[in-house]
Number of protein chains: 4
Amino acid sequence: MIKAGIIGSTGYAGQELVRLLLGHKEAEIVWYGSRSYIDQKYYQVFGNMFEIVDEKCLDDNMEELADRADIIFTATPQGLCASLVNEDILSRVKIVDLSADFRIKDVSVYEKWYGIEHKSPEYIKEAVYGLCEINRNEIQGKRLVANPGCYTTCSILSLYPLVKEGVIDTDSIIIDAKSGTSGAGRGAKINNLYCEVNENIKAYGVTTHRHIPEIEEQLGYACGKEILLNFTPHLVPMNRGILVTAYGNLTKNYTYEELKAIYDKYYEKEYFIRILDKDVPPETRWVEGSNFVDINFKIDDRTKRVIVMGALDNLVKGAAGQAVQNMNLMFGLPETMGLDQVPMFP
Amino acid sequence: MIKAGIIGSTGYAGQELVRLLLGHKEAEIVWYGSRSYIDQKYYQVFGNMFEIVDEKCLDDNMEELADRADIIFTATPQGLCASLVNEDILSRVKIVDLSADFRIKDVSVYEKWYGIEHKSPEYIKEAVYGLCEINRNEIQGKRLVANPGCYTTCSILSLYPLVKEGVIDTDSIIIDAKSGTSGAGRGAKINNLYCEVNENIKAYGVTTHRHIPEIEEQLGYACGKEILLNFTPHLVPMNRGILVTAYGNLTKNYTYEELKAIYDKYYEKEYFIRILDKDVPPETRWVEGSNFVDINFKIDDRTKRVIVMGALDNLVKGAAGQAVQNMNLMFGLPETMGLDQVPMFP
Amino acid sequence: MIKAGIIGSTGYAGQELVRLLLGHKEAEIVWYGSRSYIDQKYYQVFGNMFEIVDEKCLDDNMEELADRADIIFTATPQGLCASLVNEDILSRVKIVDLSADFRIKDVSVYEKWYGIEHKSPEYIKEAVYGLCEINRNEIQGKRLVANPGCYTTCSILSLYPLVKEGVIDTDSIIIDAKSGTSGAGRGAKINNLYCEVNENIKAYGVTTHRHIPEIEEQLGYACGKEILLNFTPHLVPMNRGILVTAYGNLTKNYTYEELKAIYDKYYEKEYFIRILDKDVPPETRWVEGSNFVDINFKIDDRTKRVIVMGALDNLVKGAAGQAVQNMNLMFGLPETMGLDQVPMFP
Amino acid sequence: MIKAGIIGSTGYAGQELVRLLLGHKEAEIVWYGSRSYIDQKYYQVFGNMFEIVDEKCLDDNMEELADRADIIFTATPQGLCASLVNEDILSRVKIVDLSADFRIKDVSVYEKWYGIEHKSPEYIKEAVYGLCEINRNEIQGKRLVANPGCYTTCSILSLYPLVKEGVIDTDSIIIDAKSGTSGAGRGAKINNLYCEVNENIKAYGVTTHRHIPEIEEQLGYACGKEILLNFTPHLVPMNRGILVTAYGNLTKNYTYEELKAIYDKYYEKEYFIRILDKDVPPETRWVEGSNFVDINFKIDDRTKRVIVMGALDNLVKGAAGQAVQNMNLMFGLPETMGLDQVPMFP
């Protein structure tokens, strides 16, 4: 039985991690970390956990946590995980960091886009980028995994085969993304009040969103050269879900069948990636509550572009689900363990 | 392995039944019935089932179904199940009817409130009212169970201990109920369009809703006399969830502790019923996707009334979840099997 | 041209007041008060006002305000207005207080329910309760008007004719109310975040909501005796709208026509009150953005009760619209001036 | 007083036209056309109109309508208006067609994208494309105006200055659009049910949406050459609003100030077009219920692209509001008459 500790268990991603781990046969939660709710019962913060979780929220005591846990999930703001890791800790416990601290290999890029100093750059090299379908082999057995961002997971998985195979001109990539509001976190901000979000759609972080360098770096690895692209996130009045609509110029004429074969080459055996039937667009409702990513594409013969669409649940495959998937890989468990939820509709 | 057939598998309750049975270790679905989508792949109707269910939708062939299945769930409009059952069928297969056909013992009451002739009144007596927490013993081993209505389940379970113990004047009961829109079904009606339901709340079926006689009958059994009450349902702009707010005059002065003890007497050991902490009101979000019913009450010393509140997921405990719970009881399985989902939030 | 100042113009009610006054032919806004946004452009807080309002937000300077304005609207938390009024101010400017400070005639009741000391109880007697359809004559020409609460307006107007005419047993009144989330205000609270409110319904303030004494007092005036009643508010995932469903025992048998005649007696000539056709339930969507109150009732012959339903827009007739209606009465303008908006749907 | 007849008054655009015309000082509605609701009171279809509109719905009798009305609005499916016009009708009454029948100058393009035969191609040349801010002079006094599509209005107005001035490479234009659900119409379709739309976002009509040729044609006029572009609409769970996010490669380096000057050149004096302050993204909530279009742009120095965003209310500036604006121009009235609504929030 894997003993799991969660730092930041009272955010939306942290709570989803609790939900998933409670259904995982080989894991148990031993630490419900939450600076904001220390000594309160976890179920008093999240009423769904009443009579399911009886534990209290605990402060971030890394020493004690490393003693008690086999793995720590840090579902916290940027900078915290980097400030907590050191050789002693990493020698005693595995870490899946849901923040961005170890995602970007070039520390100057991290510090520029996030505007904070990195407190433990010496572990960036060791950390594996935990996009399981791409880096499965590197993740196995590792002790420090950087769990990818929600937008990033959806964007990269949707575009990866086309970029890898040179199907699209990598100078032409435009990603227009839409996210449910749980992606904005559980902070008490006026901008995230019901009446401010409901009946509205807006773009935000235009040209400046922090997931941009992460997407560019990973897609750059796929094609072996530097990529600059546009990424525009939008806030949608719904709880969960990310939809990515991406555009790229085709490097030559392709048929539907040719591109389908390319997607199948990479994803046919992937349990969590579903390439939809021809002309069926991905919809966030069909993946809600599950670890699936639904992907499809459409060739536009008029403009010689391909439109790629991907949908996932930002709290599952975009955060907690992928974290569990990484845990499974790190501990040698079947990759889908605890992640076989049928998407819930409506 | 129990072989289950579903008639009406493409309604919201039918689809939820599919979701739950797919996660049930001792059951498998052998028949996806749907008159509207015959020969279409089930996943083409519900995209969440892509790469999970590969079967096609089938017509309602009762003969063949009875051959293939150990249990049939009828998630269909009123009247259909009553028109399908007969001795031959019932001798070969168990039935959980999610419609109202076998819920009401007095056939004239049924025919008056539903406005249709009952096609097989001879089976009403045999049918057990499948409110598991109340009728557990009667359900075990039975072949025909009438699965309670969504509003009914929430109303009865919330009020049952107080009515049974004579705490409230049964002439004074008023139930004000609120339901998410999946309760209105999946029919293509203008009234259920997004723009008609969104940003709106309304009462409907005032004094005439069909769940009234069902609630009155069952609560009447609890107190041993006839009850007339008011029940007013409201349509709420959300997908799932029922909240019941019920009012009753106290027959004498009671303390919080006294009423709490009464609730505990009936429900303390019930896995699916959660009596919340003092002053914590039930909320539908905390039960979403699960088979839980959250209940609480508040005494008003000024008016000598008690306000009872109950919340459940209309598609789970209010329909498909309770149907599975009934199946478990009918087949002697652990009652919670396949129903241990942690509620999903947000 | 009436010069109007608004204290608390950056709350939801304050902003709605701005919207309505901008369309009022005989009023102009001279003071956009907001402690939270001093010196910021009003349109930077509410983007809908871009290129419409160019003024900056101002602090609460009562002296200067009284010089500049003919009327002050206080759309602020309880206690503020009571702390600001005095004889000098009231001799120079009229006030419509949208808070509860001057609604309740018995200061001890106010202090008990609101938990704060009243800073100027000497003006409670002078203040008129600004429920225009009931107290029209008293409001005309007055200098201090207490604008009724949102739930209160809907509850009282719905029940008033029946209580006044002795149709219902006043010991039996139960009011079950449902409100959109703008009623919860614009404060940055986790409970009001999009993901906490969306896909949820809950009761709150059960037996303790502050609008209870206000409803009881006003309905008590109507029937000439003290009333104790139950009032339970619920939070609904929508921006605007209040629906009240009220229950009362009939004092004798009544026909639909008799009760209809009673409603007509009081409301037939009221522009803002619409008694709907028989069996048409009020819906909040049909009054959105307007000053209308839609009311209807249904007699239950089985239980000898009447169910009364009322719907209004909590920000208009429940707050800013009624405030403008009061202003019109205080200044001798046509009562509907600036309030003739057709409800906006969808 | 202009006498207005509406064909299709019980769709969402038709009803919005009723709302706007009821507030128009120089127009009155003389014909509430609706094939689906003939002889029913208009307020029975739309309860917001109770005690405001007492008329019944009428069939489409073009002869009688032309006698009674000075202007006819056709808010109907494609093909109907084209089948109704002829020289006799046009000699007696002006027409604003809210369908696509007269928007596209090349009848073969119309017939290809819409899949129907055009019944009166002889009037296509005469018809003016009623995008008021661009074609103001051509609209004045005309008898047949093709009211632009909702997506089209938002897309064209957002991009027009940049295309006209050669700022962006017209081969590089990608438009990613998001619409509220009222844009999907009021037909009773399962896909538009509350539970199907709520908590979901999806793309639809990818590469095939019918507004594509309309956008390409009009932007082609702006730059004097043929344009092919990508346009992808998405369905958003909200009632009203369209947001367009458009991408284009800059033809050379531009500063913010240079592009701002270009937008000001075309739109500074336009009442209904608001170019927002630097870095303020358009949001649909700020234009709801009004005829405004909010536009802004952001230069990406990294990719040498400009991202242009535009927001409008699809039922107002995207349909009924622009239709009234066209009516004002056709009859020589002030262009903003009846269209000065302050956007309603929340």
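Chain A can be laid on chain B by a turn of 180° with a shift of 0.0 Å along the axis, and the RMSD of this superposition is 0.0 Å, where copies are superposed by least squares on the C-alpha atoms of residues with pLDDT of at least 70 in both. The same surface serves both copies, since 100% of the contact residues of chain A recur in chain B, a contact being defined by heavy atoms within 4.5 Å. The model is a predicted one, in which local features need pLDDT of at least 70 and side-chain atom pairs count only at pLDDT 80 or more, whereas totals for chains, interfaces and linings use all residues. Residues are numbered from 1 along each chain as its sequence is written, chains are lettered from A and ligands numbered from 1 in the order in which they are written, and side-chain values use heavy atoms, with hydrogens and water left out.

Between chain A and chain B, 35 residues of chain A are in contact with 35 residues of chain B. The size of an interface is often given as the accessible area lost when the parts come together. For chain A and chain B this buried area is about 2900 Å², of which carbon and sulfur atoms give 61%; the term denotes the accessible area (1.4 Å probe) that two parts lose on being put together, summed over both. On the side of chain A, the residues that lose the most area to chain B are Val342(A), Met344(A) and Pro346(A), which together account for 23% of what that side buries. The count of salt bridges between chain A and chain B is 0, a salt bridge being a side-chain nitrogen of Lys or Arg within 4 Å of a carboxyl oxygen of Asp or Glu. The count of residue pairs in polar contact between these chains, with both residues at pLDDT 80 or more, is 16; a polar contact is a pair of N or O atoms within 3.5 Å, and within protein one must be able to donate a hydrogen and the other to accept it, while residues adjacent in sequence count only if both atoms are side-chain atoms.

Helix 1 (12-22), helix 2 (42-45) and strand 11 (273-275) of chain A each supply at least two residues of the side of chain A that touches chain B, where helices (H or I, at least four residues) and strands (E, at least two) are DSSP runs numbered from the N terminus. The largest share of this side, 5 residues, comes from helix 1 of chain A. By class, the side of chain A that touches chain B has 20 nonpolar, 7 polar and 8 charged residues, with Ala, Val, Leu, Ile, Met, Phe, Trp, Tyr, Cys and Pro counted as nonpolar, Asp, Glu, Lys and Arg as charged, and the others, Gly among them, as polar.

Chain C is superposed on chain B by a rotation of 180° with 0.0 Å of shift along its axis, at an RMSD of 0.0 Å. That is the relation of a two-fold axis. Here, too, the same surface serves both copies, as 100% of the contact residues of chain C recur in chain B. In this interface 49 residues of chain C are in contact with 49 residues of chain B, and the area buried between the two chains is about 4100 Å², of which carbon and sulfur atoms give 53%. Glu199(C), Ile201(C) and Arg302(C) supply 17% of the area that chain C buries against chain B, more than any other three residues.

Across the interface of chain C and chain B there are 6 salt bridges. Glu196(B) forms a salt bridge with Arg285(C), in which the closest N and O atoms are 2.6 Å apart. Several elements of chain C, including strand 7 (174-179), helix 10 (211-223) and strand 13 (305-312), each supply at least two residues of the side that touches chain B, and strand 7 of chain C gives the most, with 4 residues. By class, this side of chain C has 23 nonpolar, 11 polar and 15 charged residues.

Within chain C, 6 strands form an open sheet in the order 2-1-3-4-6-5, and the pairing is parallel; two strands pair if DSSP finds at least two bridges between them. Strand 2 (27-32) and strand 5 (128-129) of chain C stand at the edges, each with a single partner strand, so one side of each is left without a neighbour in the sheet. Strand 1 (residues 2-7) of chain C pairs with strand 2 of chain C in the parallel sense over 5 bridges, and Ile2(C) stands opposite Ala27(C) in strand 2.
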